[in-house]
Amino acid sequence: MKLHWKTSAFAELNTQELFEILKLRQAIFVVEQECAYPDIDDTDLVSMHLCGYDSGYNENSDLVAYARLIKPGVSYDQSSIGRIVVSPKARGQRLGETLMHKALGVMEELFPQEPIKIGAQQHLEKFYNDLGFKTISEMYLEDGIPHIHMLLEHD
């Protein structure tokens, strides 16, 4: 799968891009995971939005990967990556790994040497460990789903 990556501040997103982001997040986090929670929140307004589009970027592109990149002091004292999602039609191609490597690269550009803290679904602990994140909390429930806090510190 050939991907085109685009990183935008909220105000830079056009209505079609915003629609596709919210549609993908809702399909996974609300419908697929059967979790009624306020996915759209004020953090969207102050975050950078990393979008991975299939087949290049044009009006016919499909949004297949997304992550919200958050500056320090918003969700945590550290910077953060959240709302990490891969479209069901693009699963099975290691796109989650590709998305996270891209997100970590953009975070390093935006916030050099800043630790990154995430609230990860517990079943993805090994996935994030393999990317260098360390578990720093016990399991906690967020919207009925087991989560853990994890931290990536730079050497």
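## Fold and aromatic cluster of a predicted model

A compact globule of 155 residues would have a radius of gyration near 15 Å, and the protein agrees with this, having 15 Å. The model is a predicted one.

**Overall form**

Taken along the principal axes, the box filled by the C-alpha atoms of the protein is roughly 45 × 35 × 30 Å. The protein contains three helices and eight strands. Read from the N terminus, these elements follow the order β-α-β-β-β-α-β-α-β-β-β.

Contacts in the protein can be sorted by the distance in sequence between the partners. Of the contacts between residues at least 6 apart in sequence, 60% connect residues at least 24 apart.

Of the 155 residues in the protein, 41% count as buried. The accessible surface of the protein amounts to about 8,500 Å², and carbon and sulfur atoms account for 51% of that surface.

**Aromatic residues**

Two aromatic pairs are present in the structure. One of them joins Phe127 and Tyr128 in an edge-to-face arrangement, with 5.0 Å from centre to centre and 75° between the planes. The other links Tyr128 to Phe133: the ring centres are 5.9 Å apart and the planes stand at 80°, so this pair is edge-to-face. An angle over 60 degrees is what places a pair in that class. Tyr128 takes part in the pair with Phe127 and also in the pair with Phe133. Phe127, Tyr128 and Phe133 together make up one aromatic cluster.

| Residue | Relative accessible area | Class |
|---|---|---|
| Phe127 | 26% | partly exposed |
| Tyr128 | 5% | buried |
| Phe133 | 0% | buried |

The classes follow from the cut-offs, because a residue counts as buried under 20% relative accessible area and as exposed over 50%, with partly exposed in between. Phe127, at 26%, is therefore partly exposed. Tyr128 has a relative accessible area of 5% and is therefore buried. Phe133 is buried as well, with a value of 0%.

Notes
Residues are numbered from 1 along each chain as its sequence is written. This is a predicted model: local features need pLDDT of at least 70, side-chain atom pairs count only at pLDDT 80 or more; totals for chains, interfaces and linings use all residues. Side-chain values use heavy atoms; hydrogens and water are left out. Helices (H or I, at least four residues) and strands (E, at least two) are DSSP runs, numbered from the N terminus. The radius of gyration is taken over C-alpha atoms; the globule rule is 2.2 Å times the number of residues to the power 0.38. Buried means under 20% relative accessible area, exposed over 50%, partly exposed in between (1.4 Å probe, protein chains only). Contact means heavy atoms within 4.5 Å. Accessible areas come from the Shrake-Rupley method with a 1.4 Å probe; for residues, only the protein chains shown count as cover. Rings of Phe, Tyr and Trp (its six-membered ring) pair if their centres lie within 6.5 Å; planes under 30 degrees apart count as stacked, over 60 as edge-to-face and the rest as tilted.
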